[in-house]
Amino acid sequence: MSSLFALSRDAEVARSQPAALMLLRSVVGTRGGRAGALLVGAVLALAFLGPFLAPFSPTAIVDTPFAQPSKAHALGTDALGRDGLSRFLCGGRTLALTSFAATLMAYLAGIPLGAFAGVRGGVVDIGAVAVSDLMLAIPSLVFVLVLLAAVGPSLSMVAIGIAAVEVPRVTRIFRAITVEVAALEFVEVAMARGETTASIVVREIVPNLWTALMADFGFRLTASIVLVSSLSYLGLGQAPPAADWGLMVSENQIGLTIQPWIIVVPGATIAVLTFGVNLLTDAFARRLGRSIVSGGVP
Amino acid sequence: MSPLLREIVLRLGAGVFTLVAASALIYLGVSALPGDAATAALGKDATPDLVAGLRKQFGLDRPVLERYGGWLSGFLRGNLGYSLPTGVPVTNVIRDKVWNTVVLAGVTMALLVPLAIVLGAVSALRPDGTVDQSTAALTLTLIATPQFVIGAILAVVFAVWLKWLPAVSLIDPSRPLISRPSILVLPVLTLLASALAQSVRMIRATMIEVLELPYIEAARLNGIAEWRLLLRHALPNIVAPAIQVLAYNVPWLLGGVVIVESVFEYRGVGLTLITAVQSRDLPTVEALAMLTTVAIVATSLCADMTVILLNPRLRRRA
Amino acid sequence: MAEVLDNHVGGVGRLSRRDLLRVGAAVAAGVVGTAEGLSVPVTARAQETPKRGGRLRVGSRGGGAAETLSPMRNVNEIDIMRTHVLYERLFAYDLNGAVVNQLAAEASSNPTATVWRIKLLPGVEWHDGSRLTADDVVYSLRYIATKENNATGYTELSYIKPADIRRLDPLTVEIGLDQPNALLPTSIAARTIWMVKDGTKSFDRPNGTGPFKFESFNAGERSVFTRFDGYRKHGGPYLDALEIISFSNETARLNALQTNEIDVMDEYPLPLAKTLPATGQIRLLRAPRAFTLTMYMAVDLPPFTDNRVRQAFRLMANRQQMVNTILGQFGVIGNDLFWPTDPDYASQLPQRAYDPDHAKSLLRAAGKENVNVSIYTADAGPGMLESATIFAEQAKQAGVTVTLNKVPGDQYYTAQYLKVALGQGGWSARPLTTQFAQVLNTTAPYNETHWRRPDFDNLTNQARRTLDAKKRRQLWVDAQTLLWNEGGYIIWGFQDNVDGYWTKVHGLKTSVARWLGAYDFTDVYLS
């Protein structure tokens with residue numbers, strides 16, 4: 001774990017953004033980083049701008065079901081005769097938003113929890129670690145499924161559920177970082193000065209977390225994307241007739257042999273998105289000196 | 001008490017504690033949520049009176065701790081509750097299917113362990129060599145792709161186009177699962193695709209650390225061949241961390257089993273869980289979530305025990 | 001081809017053979033019962049000699065853990081399939097939908113149709129080896145006619161007092177009626193009136209007279225049946241075993257057929273039927289206009305309590321688009337009434353047009369402009385989910401918002417099926433009297449539209465009592481006119497029964513009554 005914080009440790013100097021920006025720039029300098037950024041950018045652009053470019057309404061019936069790709073319908077039609085291209089263009093926005101929202105919520109909850117536990121130590125710390133380990137004993141998907149069974153399929157519950165399963169992992173990482181950073185001199189000085197834990201966390205710890213955040217973000221986001229799309233595939237995310245990449249795969253699976261494009265294109269796009277995120281994450285990891293995987297972090 | 005025994009007892013105690021805590025998390029957590037078995041059963045047309053009536057019928061008007069106690073003690077005695085729409089005991093519903101999932105997960109693990117170790121070791125031996133680069137590229141791709149995408153594509157390629165394998169893994173309860181290995185191939189391949197990615201990376205990283213240990217360096221300087229180095233000196237050191245890495249993957253694997261069973265209509269507990277969630281059959285969902293946790297904690301305990309027993313000096317985790 | 005009901009009535013009030021055929025036929029005119037494959041036409045009876053042996057695997061939509069072996073309480077199509085394989089009825093439908101004898105040898109009534117006598121076929125064996133007698137028939141009919149037993153066939157027999165069902169001799173049953181019923185055989189031909197052995201209390205180990213005997217059953221998974229060598233017909237069955245496998249996922253079911261994990265599937269997905277190669281290993285069977293997927297509005301639940309709202313909903317359904325998209329060449333549009341091929345169908349009523357603007361104004365007049373409703377739906381029937389989705393899209397033209405309340409396919413017919421304001425149902429062709437008894441009379445077990453109208457009941461009951469065919473037809477038409485003007489059904493189309501099978505399977509039949517020749521595997525053999 002130690003080398004993860006190489007930058008933050010060495011840089012009492014580097015107390016905030018400058019270190020993060022440097023990292024960012026150096027990552028984009030690598031081939032992998034550039035490729036990853038490009039792929040992610042392309043897919044996100046597709047997801048958010050797509051709805052404005054769709055030639056038809058995603059729910060309008062335009063032709064017979066499972067029509068082959070043609071000039072009028074670049075991706076053919078789906079199981080109900082709706083335009084494949086339009087549904088594809090409209091199908092990424094919710095996926096992207098929900099995944100980002102879940103990841104963001106995980107950080108909003110996990111970072112303060114981890115930092116707090118790391119600074120406070122003692123019972124609070126042990127408690128936080130115990131609860132995290134507990135959550136890690138239940139598979140992420142199963143946990144979210146349990147929540148959805150209780151509340152019913154709902155997009156907000158999906159986001160909350162995914163955030164909930166990511167929080168323990170985030171907490172662990174940031175607790176570990178905090179413990180290391182807290183041992184640094186300037187923090188000890190602040191504690192000696194009698195500053196409150198909260199103030200220490202905000203003013204001394206958090207600014208040093210940016211680099212770790214950037215490195216970890218990729219993992220969380222990939223996990224979120226895979227979970228959101230899998231839940232959509234299972235019909236537990238957005239309800240029909242919404243256009244959704246994961247849902248498109250399961251809705252049209254019956255016509256796979258006749259019209260594979262309507263399944264392959266959304267599925268591949270999800271894969272491209274997570275692949276791009278992974279490339280970026282890997283680039284960050286290499287820049288930080290060592291593969292993050294060594295400590296068993298993901 | 002010998003230190004070894006104490007260690008084992010401690011681990012067992014921690015395991016039990018985790019299980020109890022997990023059960024509380026599952027049951028009480030669900031109770032804290034807005035929905036419950038009654039609203040789930042009535043769906044969109046739940047009126048307050050109907051809900052109240054049904055709650056009484058399900059015994060949901062009793063205090064939550066009392067219900068939790070009842071559920072937990074029932075669980076320990078083998079009563080997993082009653083499936084919602086039909087009232088059939090959950091044990092009946094999953095009885096034949098638990099074995100199917102065990103076989104699926106077991107076969108996957110049995111293939112995963114040697115494959116991950118071999119690929120991880122070879123990659124580590126020659127970092128950035130051809131094997132390493134290509135494995136890394138492949139794993140990076142696979143780790144990204146959601147399992148339902150991998151599964152659907154494999155199904156089309158192998159079942160519909162090549163016609164080598166069955167597209168759905170229908171299990172015939174009257175014949176032993178082993179008699180029809182072909183229905184396991186695609187689900188296992190799909191699971192392996194993503195699980196391998198994770199495990200190979202971890203083993204590779206651990207292997208690299210091991211290879212940098214001082215005494216390995218010393219042996220290398222003494223002129224011992226790389227391969228012998230690997231087999232006789234490095235590998236034994238990797239067994240313990242490898243076991244832990246693979247045990248770490250089990251929760252992830254069980255999550256994957258749920259999706260894969262759905263894609264291939266493989267009649268295991270994963271598919272049952274999905275159907276139960278879709279019909280909001282809370283008792284079944286809670287029972288299956290608990291079972292999954294039991295499996296994970298048990299595997300984790302076994303892994304820990306094996307590590308301890310293999311090398312009594314490894315008391316503390318890395 | 002149809003065996004005709006013999007009629008020994010003498011004197012006044014004689015029912016002619018033609019009358020009985022007419023009142024019994026559900027879908028008669030111009031419909032051929034033999035299979036119309038899309039590719040090479042397959043005849044019902046194969047030319048070569050059938051081979052004994054083999055195991056046929058049929059894949060059908062599962063009903064989950066709620067599946068049952070009981071012939072008295074089946075709702076899911078797969079349960080109905082099993083019942084057809086194990087049990088038989090007094091009367092049944094032939095491949096054209098006409099009522100024919102099955103276990104009954106002849107049926108006759110007195111001139112006022114208040115007393116019926118049914119003679120049974122001699123020498124029919126139960127699976128346990130005993131002989132079918134009048135006691136069994138009396139027991140079965142009484143069981144169904146007793147309200148407390150909650151049999152799905154209760155409504156068919158609700159007008160019969162159990163005590164009035166008597167055994168006359170070992171092979172003759174007499175039924176006394178308070179009111180005349182010219183259509184008793186038609187009533188009893190309903191797919192809910194099965195013959196079980198005298199004294200049967202539990203149906204877990206089925207004992208029937210059907211061509212296959214029970215071997216095993218796993219609810220929601222599969223059931224296995226073996227050839228009954230004592231079956232009353234000569235020739236079949238030829239198969240050693242029949243396996244019916246439940247699927248909760250339609251893609252998996254189709255894949256299973258494509259890779260020959262199953263040999264036969266009923267309800268082949270229509271959008272994919274046109275792409276099946278004509279000379280492939282998988283062929284299609286087709287029975288025209290055999291099934292309808294309806295949408296129903298409960299007339300006693302908001303917002304459908306106001307007839308203007310119901311009319312508006314009927315007007316905003318673009319039937320042609322639904323047929324084109326979902327059925328393709330395998331169906332025709334409907335006029336919110338059952339069974340256009342029934343001789344007593346009210347064909348004089350004009351076809352309701354597609355008029356979203358008129359719908360809008362009706363809604364405005366009713367104060368329900370831009371109303372918001374949810375439709376209860378699932379992947380529980382061919383085209384069910386698709387039609388709900390398309391209807392929701394079409395509703396937008398009239399300013400109406402319809403959201404989909406989707407449940408898993410094998411849960412559809414449990415929880416809320418008969419309790420929602422807007423839902424869907426699927427019906428195979430059957431005589432009007434049976435259809436109305438099952439869904440529209442006040443005591444109907446599947447009263448989807450919650451239609452409880454004494455005037456309607458009067459019309460239909462009178463029709464059932466009327467011996468004169470012309471007068472009877474007028475009564476049916478009056479009843480249908482009531483439904484057309486005020487009813488809760490949106491019947492947008494009628495579709496063909498399409499089944500898929502591998503070419504090595506011979507002897508399958510088609511029928512308008514149900515898929516796979518009303519699940520008749522008696523003459524099936526494998527090559």
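This is a predicted model: local features need pLDDT of at least 70, side-chain atom pairs count only at pLDDT 80 or more; totals for chains, interfaces and linings use all residues.
**A walk through chains C, A and B**

Residues are numbered from 1 along each chain as its sequence is written, and chains are lettered from A and ligands numbered from 1 in the order in which they are written.

Helix H11 of chain C covers residues 384-395, and its 12 residues reach 16 Å from first C-alpha to last, close to the 16 Å expected at 1.5 Å a residue (the expected span being 1.5 Å times one less than the number of residues). Helices (H or I, at least four residues) and strands (E, at least two) are DSSP runs, numbered from the N terminus. Of the 12 residues in H11(C), 11 are buried, among them C:Met384, C:Phe391 and C:Ala395. A residue is buried if 20 or more other C-beta atoms lie within 10 Å of its own, exposed if 12 or fewer, and partly exposed in between, with C-beta atoms placed from the backbone.

Staying in chain C, C:Phe330 sits in the loop between H9 and strand S13 (331-333). C:Phe330 counts as buried because 26 other C-beta atoms lie within 10 Å. Leaving aside residues up to four places away in sequence, C:Phe330 touches C:Leu270, C:Ala273, C:Gln495, C:Asp496 and C:Val498; two residues are in contact if their C-beta atoms, placed from the backbone, lie within 7 Å. C:Leu270 is 60 residues from C:Phe330 in sequence, yet their C-alpha atoms are 7.4 Å apart.

Chain C also holds an open sheet of four strands, ordered S4-S5-S7-S6 with antiparallel pairing. Strand S4 (104-109) and strand S6 (165-169) are at its edges with a single partner strand each, so one side of each has no neighbour in the sheet. Two strands pair if DSSP finds at least two bridges between them; S4(C) and strand S5 (residues 115-120) are joined by five. In S5(C), C:Trp116 stands opposite C:Ser109.

Turning to chain A, we find 13 helices and zero strands. Buried residues make up 57% of its 298 residues. The domain assignment, automatic or from a database, gives domain 1 (24-92 + 245-298) and domain 2 (93-242). Between these domains of chain A, 27 residues of domain 1 are in contact with 23 residues of domain 2. On the domain 1 side, the largest share, nine residues, comes from H13(A).

Finally, chains A and B meet in a contact that takes 41 residues from chain A and 48 from chain B. On the chain B side, H10(B) gives the most, with nine residues. That side of chain B divides into 34 nonpolar, nine polar and five charged residues, where Ala, Val, Leu, Ile, Met, Phe, Trp, Tyr, Cys and Pro count as nonpolar, Asp, Glu, Lys and Arg as charged, and the others, Gly among them, as polar.
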